[in-house]
Amino acid sequence: MACTVHVASPLRDYTHGAARVQAEGNTLAQVLGDLDRRYPGMRFRMIDEQLRIRPHIRIFVAAQEALTLERPVLPKDSVHLLCALSGG
Amino acid sequence: MSISLSAAEQQRYSRHLLLAEIGPAGQLKLKAARVLVIGAGGLGCPAALYLAAGGIGTIGLLDFDQVEESNLQRQVLFTTADIGAPKAKRARERLLALNPQLQIVAHQTELTAANVQQIFAGYDLVVDGSDRIGTRYLVNDACVIYRKPLVSAAIHRFEGQAMSYAPGRGPCYRCLFPDLSGAVLPNCSQAGVLGVLPGVLGAIQATEVMKLLLGIGEPLLGRVLVYDALTLRFDEFRISRRPDCAVCGEHPSILAPADEPGFCSVEEQRRVVGISAVELAQRIRGAGAAADTAPLTLVDVRDPEEFTVGHLPRAVNIPLTLIEQQGLSLPRETPAVFLCRSGARSLKACALARRAGMTMPLQLEGGLLAWREAVEPGFAL
């Protein structure tokens with residue numbers, strides 16, 4: 001079952017400009033893996049080589065912050081990808 | 001010193017005085033307040049306008065830049081006649097024209113670790129509307145260290161974020177985004193921005209200032225507000241103070257504001273010389289002018305995983321994070337072109353190369369996305 005992922009503006013280069021996309025998975029790791037299959041390279045902009053969420057990225061599942069990639073994701077959950085912005 | 005509202009002020013602020021949450025006592029608080037706005041840009045202009053209209057007694061405007069024509073699409077304090085004029089000074093004139101009863105201070109300077117303490121000492125609250133991530137951290141750290149409330153916002157294309165900080169009452173900006181080393185965050189001049197977007201966020205910042213000064217409502221403390229203009233959605237997310245935060249945590253490692261050496265100034269980025277995808281293709285094929293046909297070193301600053309997916313022939317992969325940490329190991333005279341996916345990381349890499357003394361580094365404008373668009377449609381990214 002797919003969940004809805006809300007994509008931060010700086011990451012929309014990967015989703016061809018889409019603000020909301022669908023991705024499948026029962027955990028955050030699976031959802032991000034599915035996103036990367038659909039939009040190659042996107043996962044690495046959020047997750048580093050040590051499988052940590054990068055410090056300029058925050059990820060929220062059902063409005064709760066996900067601190068690890070093992071965070072369960074239910075089909076009705078929304079996943080929000082938040083990215084630091086610098087424009088003023 | 002006791003202050004009061006004159007008859008003219010009572011008339012001007014009459015709609016505030018009608019509000020039980022403000023009234024004469026609240027308006028006097030606003031009159032006594034001193035608010036510093038960092039950046040007279042897309043965010044700072046509307047925020048400062050509402051602060052001045054609302055009667056904030058002392059407003060400082062800090063910006064070292066001049067008005068450019070491309071600013072006028074969103075920086076609503078300026079007019080066409082202001083092009084080339086110093087922003088802080090011209091903004092001061094506009095705000096005084098709106099409300100001559102105020103003290104408006106123009107700081108036509110760049111905020112640095114050397115001047116932040118002295119400048120902040122004259123204000124009770126800071127509004128961050130800067131367009132440099134390094135300045136955002138400097139402002140945040142100074143607000144935490146000098147115990148000043150801070151109202152932050154930032155924008156990118158059609159999205160904006162806002163949050164407030166008050167000493168002892170919640171997380172700071174570093175709790176939200178602890179460290180941006182390795183991150184590349186294009187500003188408005190690189191990524192583009194919907195002109196009205198900073199109007200929304202700047203008005204939210206002014207709202208937050210009023211609430212914090214008056215002690216009313218529920219400020220954005222411990223919450224980050226995210227606005228998407230395309231979907232017209234507001235989302236908010238709760239964030240917590242990090243016990244290990246480098247500046248507001250239990251054992252802070254940042255004890256004094258510091259300039260961020262890894263971040264490039266606006267001036268440094270402006271000095272970067274670009275090369276278009278078409279021109280680069282010509283140079284690679286040797287089709288340019290004879291004087292320009294020296295072999296180019298193509299430095300791909302993307303991460304190795306991205307490089308593996310696809311890269312230009314003979315390009316070398318030196319990730320930006322490596323350049324930031326270890327500097328460039330290329331000879332200074334190398335005719336190098338820095339490139340990445342969209343142009344943001346290579347801009348920073350190119351600026352760092354110039355800082356390191358490289359004589360003529362170039363940056364692929366629009367990155368490999370532009371290359372795919374203009375030169376090689378099947379290029380894998």
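1. Chain A runs β-β-α-β-β-β along the sequence. That comes to one helix and five strands, where helices (H or I, at least four residues) and strands (E, at least two) are DSSP runs numbered from the N terminus. The radius of gyration is 12 Å, close to the 12 Å that the globule rule gives for 88 residues, so chain A is as compact as a globular protein of that length. The radius is taken over C-alpha atoms, and the rule is 2.2 Å times the number of residues to the power 0.38. The C-alpha trace of chain A spans about 35 × 25 × 25 Å along its principal axes.

2. A word on conventions and confidence. This is a predicted model, in which local features need pLDDT of at least 70, side-chain atom pairs count only at pLDDT 80 or more, and totals for chains, interfaces and linings use all residues. Residues are numbered from 1 along each chain as its sequence is written, while chains are lettered from A and ligands numbered from 1 in the order in which they are written. For chain B the pLDDT (the predictor's confidence in each residue, from 0 to 100) averages 91, and 93% of the residues score at least 70. The complex gets an ipTM of 0.93 and a pTM of 0.80 from the predictor. Where pLDDT is low, the predicted coordinates should not be read in detail.

3. Two residues are in contact if their C-beta atoms, placed from the backbone, lie within 7 Å. Among contacts in chain A with a separation of 6 or more, 48% link residues 24 or more positions apart.

4. Ala63(A) deserves a look. It has a positive phi of about 70 degrees, although it is not a glycine. Ala63(A) sits in the loop between S3 and strand S4 (64–65) of chain A. It is exposed, with 12 other C-beta atoms within 10 Å.

5. The interface. On chain A, 21 residues are in contact with 39 residues of chain B. Strand S3 (57–61) and strand S5 (78–83) of chain A each supply at least two residues of the side that touches chain B. By class, that side of chain A has eleven nonpolar, seven polar and three charged residues. Here Ala, Val, Leu, Ile, Met, Phe, Trp, Tyr, Cys and Pro count as nonpolar, Asp, Glu, Lys and Arg as charged, and the others, Gly among them, as polar.

6. Chain B overall. It has 16 helices and 13 strands. A compact globule with 381 residues would have a radius of gyration near 21 Å; chain B has 23 Å, which agrees. Its C-alpha trace spans about 75 × 50 × 40 Å along the principal axes. Buried residues make up 46% of the 381. Of the contacts in chain B between residues at least 6 apart in sequence, 68% join residues at least 24 apart.

7. Domains of chain B. The assignment gives domain 1 (33–261) and domain 2 (267–374); such bounds come from an automatic or database domain assignment. The C-alpha centres of the two domains lie 33 Å apart.

8. Nonpolar cores. A core is a set of buried Ala, Val, Leu, Ile, Met, Phe, Trp, Tyr and Cys residues joined through C-beta atoms within 7 Å. The largest has 101 residues, of which Val35(B) and Ala48(B) touch the most other members. Helix H10 (residues 197–214) of chain B gives the largest share of this core, eight residues. A second, separate core of 26 residues includes Leu280(B), Phe338(B), Ala344(B) and Leu352(B). In soluble globular proteins, nonpolar side chains tend to be buried together.

9. Ala48(B) and Ala206(B). Neighbours within four places in sequence aside, Ala48(B) is in contact with Val37(B), Ala40(B), Ile59(B), Leu61(B), Leu77(B), Ala91(B) and Leu95(B). Ala206(B) lies in helix H10 of chain B. It is buried, with 25 other C-beta atoms within 10 Å. Ala206(B) is 158 residues from Ala48(B) in sequence, yet 7.4 Å away in space, C-alpha to C-alpha. With neighbours within four places left aside, Ala206(B) is in contact with Ala47(B), Tyr50(B) and Leu51(B).

10. Leu232(B) also has a positive phi, about 45 degrees, although it is not a glycine. Its loop lies between strand S7 (223–228) and strand S8 (233–238) of chain B. Leu232(B) counts as exposed, with 8 C-beta neighbours inside 10 Å.

Terms used. A residue is buried if 20 or more other C-beta atoms lie within 10 Å of its own, exposed if 12 or fewer, and partly exposed in between; C-beta atoms are placed from the backbone.
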